[in-house]
Amino acid sequence: MQEAILQKANRSILYLMVLSIPLVYTWRTYDAFTTPKEFIFRIGVILLASLFLCDFMGRNRHEFYRHPLSLPLFLFWLWGLISALFSAHRAQSLNSYVIITSSAIFFYLILYTLKDHRGKRIIFDILILASIYISALSILQYMGLFRMEDRFSTTSGPLPKVAIYSTIGNPNFIGSFLIGIAPIIIASILISNLTKRIIYIAGLVLLLVAIIILRSKGSYVGLIFSSLFLFWLLTKIYRK
């Protein structure tokens with residue numbers, strides 16, 4: 001009973017993190033976009049790690065999950081620690097190192113929490129929902145709606161009135177996020193029923209329109225290469 005409660009709590013926190021981190025921002029902080037996302041991420045990792053330890057200590061039989069990325073992640077973590085300790089700006093380097101370490105911990109907590117196909121599908125649907133909202137807001141800002149006044153600023157300086165920043169703060173970062181979600185939407189279209197397929201197609205159209213109006217060269221290059229790779233992969237699958 002206790003194990004089931006802890007698992008449910010783990011999943012709830014994970015789902016909330018995946019939904020809130022891309023969307024949250026507040027103008028009450030120095031950096032309106034980065035600071036609240038980092039705060040939620042760190043708090044979420046601490047909560048997930050605490051629940052994991054409670055579950056782990058309450059088990060009679062302990063299991064460790066191995067992953068092919070374990071050794072590369074460990075070497076990356078070790079090299080990051082050495083670099084941070086000998087950095088000329090040690091405080092800033094250690095702060096960035098904490099984020100890297102939290103990301104590695106978060107990776108293993110996801111492996112521990114999501115052991116079934118249903119949980120992974122929920123994560124994908126949450127990411128798709130967040131990308132649809134970000135895409136729609138980007139399009140509205142391109143049309144001149146929902147733009148904040150230029151008195152607000154980020155670490156990169158005042159925001160121009162013509163900027164498209166959505167909930168992420170930078171057109172290049174928005175494009176990177178949307179490019180990463182596009183294959184998930186396409187895969188969901190291929191395996192879903194008719195009703196969900198229509199929703200996913202509408203979301204994909206919004207996403208592509210947002211990528212186009214962002215005017216980010218990196219996003220265009222990523223879209224071209226990811227489309228070519230996806231076309232090659234689908235061709236290979238259907239030939240079988």
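## Overall layout

Helices here are DSSP runs of H or I with at least four residues, strands are runs of E with at least two, and both are numbered from the N terminus. On that basis the protein has 8 helices and 2 strands, and reading along the sequence gives the pattern α-α-α-α-α-β-β-α-α-α. Please keep in mind that this is a predicted model, in which local features need pLDDT of at least 70, side-chain atom pairs count only at pLDDT 80 or more, and totals for chains, interfaces and linings use all residues. Residues are numbered from 1 along each chain as its sequence is written, and side-chain values use heavy atoms, with hydrogens and water left out.

Accessible areas come from the Shrake-Rupley method with a 1.4 Å probe, and for residues only the protein chains shown count as cover. The protein exposes about 15,400 Å², of which carbon and sulfur atoms supply 70%. Buried means under 20% relative accessible area, exposed over 50%, and partly exposed in between. Of the 240 residues, 33% are buried. As for contacts (heavy atoms within 4.5 Å), residues 24 or more positions apart account for 70% of those with a separation of 6 or more.

## The nonpolar core

A nonpolar core is a set of buried Ala, Val, Leu, Ile, Met, Phe, Trp, Tyr and Cys residues joined through side-chain atoms within 4.5 Å. The largest one holds 37 residues, and M17, L178 and I185 touch the most other members. Two or more residues each come from α1 (2–23), α2, α4 (90–113), α5 (117–142), α6 (171–191) and α7 (194–214). Helix α6 gives the largest share, 8 residues.

Let us take a look around M17. Leaving aside residues up to four places away in sequence, M17 touches P22, F41, G44, V45, L48 and F106.

## F41 and its neighbours

F41 sits in helix α2 (residues 34–58) and is buried, at 13% relative accessible area. With residues up to four places away in sequence set aside, its contacts are M17, I21, I99, S102, S103 and F106. The C-alpha atoms of F41 and I21 are 6.9 Å apart, although 20 residues separate the two along the chain.

## Two aromatic pairs

Rings of Phe, Tyr and Trp (its six-membered ring) pair if their centres lie within 6.5 Å; planes under 30 degrees apart count as stacked, over 60 as edge-to-face and the rest as tilted. A search of the whole structure finds 2 such pairs. In one, the ring centres of F41 and F106 are 5.5 Å apart and the planes stand at 80 degrees, so this pair is edge-to-face. Because F41 belongs to helix α2 and F106 to helix α4, the pair ties together parts 65 residues apart in sequence. F106 is buried too, with 14% relative accessibility.

F229 and W232 form a tilted pair, with 5.8 Å from centre to centre and 35 degrees between the planes. Both lie in helix α8 (residues 217–239), 3 residues apart, or about one turn of the helix. W232 is partly exposed, at 47% relative accessibility.

## A nonpolar surface patch

Helix α3 (residues 70–85) supplies the largest share of the patch, 8 residues. W77 lies in helix α3 and is partly exposed, with a relative accessible area of 31%.

Technical notes. Buried means under 20% relative accessible area, exposed over 50%, partly exposed in between (1.4 Å probe, protein chains only).
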